[in-house]
Amino acid sequence: MLGLAAANRNMLGRFAASVDEKRDWAGYWEIDGEGRPSSADYVSDADFWFNLPANFDMLDAIVRMWRWTGDDTYRDDPRFREFFRRTVNDYVTRWQLQPEKILHRPRIANQRLESGKFVHSRGIPSYSEGPKDFIFGADLLAAEYRGLRSFQEIAVTPQDKALAVSAQSVADQIQQLLERIAWSQSQQHYLGVIRHDQSGFESGDAMTLYFGAAKNPDHLRGALDYISSPKYWQKINIEEESYTPLLLFRYGRTGPAYHILFDLSGREKPRREYPEVSYAVIAALVGGTMGVAPSRFSEPFDVQTLAQLPSAGDNASLLSLPFRKNLLDIKHTGSLSSSLSNRSGPALRWRAVFQGTVRQLKVNGKAVLASHDTLPGGMAVSWIAVTVPARATAIVSSMDK
């Protein structure tokens, strides 16, 4: 969104290239400005810090960058391909993350040394770093599910397509395990970390929603209700809070999304200088307020918009947005009209989405029958797809029901 495509590709490439059998197919947790593992959390290949959701998280990030930029380096570069294959196959096996083994795995698998600076953090099975009495986090299951599912989009060789098919079966079983083990019927939300006896504690809702791993409609609503509650906001750290606005926008919880977004960006917010906060605010504005999202592989459009403004009378504009080979200007006038200007680049297929169910939408003043859908969070939407030629502007507006 900020035009940092080359930097993203470089960083993701560095991390992808860092996976190695000597580290049980984990990569480096941090890389310094010289391209080396950071001494802050690396002593040797047997003694380093690593959180297991990371490989899957990064695989999904690579696929998301591919969708946004259209840069086939992410799909075709040998170092990325090697990373995909190792992650969906060897990494899963080495760390005992198969559906039939994950409930019985040791908390820290593959410990090579009896003692050392990071030997008890070499393969933490969650992004949760405080508690020790658990075997995996819900975030690990959610990240594994999403990483294995995302691989299917970017697998192009016969070998990778065959691997993707087997990975989908694993992904589905992991997702079902998440629903069965991590969901708390009594508390009506996803638990964060799971013990050997399959009891759990803390909250795993944000990461489960972030990775799109909640499929049971009742569980999905429960998780959304949980992270929409002030009780949740008041006790999470700022790293987790930074994810929440975009999550809530994605599932149509506009009011709570703005409440947390304003809190994150407030001048007096403690730890607001954390780097993920500013980037998360930009992501929430572009992906939430403006509702900009790239298509997934094989979808019959390129870019989607969905206005989620604070109120129906508000307007919002986004200028000079880099998207694939295009440069875009996008404007929402209230909740009734959106425009997309294709300032440069080839013709672009735009899916203009509006809240609510309407029979028709106007495309450049001409009435067209609308299509309808329901977002995972329950919001009913109407949409139309229109091709915007180079150096042209299209305006789509909602009509009365």
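R64 and D60 form a salt bridge, with their closest N and O atoms 3.1 Å apart. The two residues sit 4 positions apart in helix α2 (residues 53-69), a spacing of about one helical turn. R64 is partly exposed, at 29% relative accessibility. D60 is buried, at 5%. This picture comes from a predicted model.

**The whole protein**

The secondary structure comprises 12 helices and 19 strands. The radius of gyration is 22 Å, close to the 21 Å that the globule rule gives for 401 residues, so the protein is as compact as a globular protein of that length. Along the principal axes, the C-alpha atoms fill a box of roughly 70 × 45 × 45 Å.

How much of the protein is buried? Of its 401 residues, 52% count as buried. The protein exposes about 18000 Å². Carbon and sulfur atoms supply 51% of that area.

Contacts reach along the chain as well. Among contacts with a separation of 6 or more, 60% are between residues 24 or more positions apart.

**Charges and salt bridges**

The protein carries 47 positive and 45 negative charges. Their mean positions are 6 Å apart. Side chains of opposite charge can pair when their charged atoms come close. Across the whole structure, a search finds 29 salt bridges. The table shows three of them, including the pair from the opening.

| Salt bridge | N to O distance |
|---|---|
| R64 and D60 | 3.1 Å |
| D77 and R79 | 3.7 Å |
| D302 and R349 | 3.0 Å |

Where do D302 and R349 lie in the chain? D302 and R349, joined by a salt bridge, link distant parts of the chain. D302 is in the loop between β9 (293-294) and β10 (303-306). R349 belongs to strand β14 (residues 348-355). D302 is buried, with a relative accessible area of 12%. That value falls under the 20% cut-off for buried residues. R349 is partly exposed, at 36%.

The side chains of D77 and R79 also meet in a salt bridge. Are these two residues buried, partly exposed or exposed? D77 is partly exposed, at 21% relative accessibility. R79 is partly exposed too, with a relative accessible area of 31%.

Salt bridges also join into a network. Its members are E21, D24, R94, R112 and R122.

Methods. Residues are numbered from 1 along each chain as its sequence is written. This is a predicted model: local features need pLDDT of at least 70, side-chain atom pairs count only at pLDDT 80 or more; totals for chains, interfaces and linings use all residues. Side-chain values use heavy atoms; hydrogens and water are left out. The radius of gyration is taken over C-alpha atoms; the globule rule is 2.2 Å times the number of residues to the power 0.38. Buried means under 20% relative accessible area, exposed over 50%, partly exposed in between (1.4 Å probe, protein chains only). Contact means heavy atoms within 4.5 Å. Accessible areas come from the Shrake-Rupley method with a 1.4 Å probe; for residues, only the protein chains shown count as cover. Lys and Arg count as positive and Asp and Glu as negative; His and the chain ends are not counted. The place of a charge is taken as NZ of Lys, CZ of Arg, CG of Asp or CD of Glu. A salt bridge is a side-chain nitrogen of Lys or Arg within 4 Å of a carboxyl oxygen of Asp or Glu.
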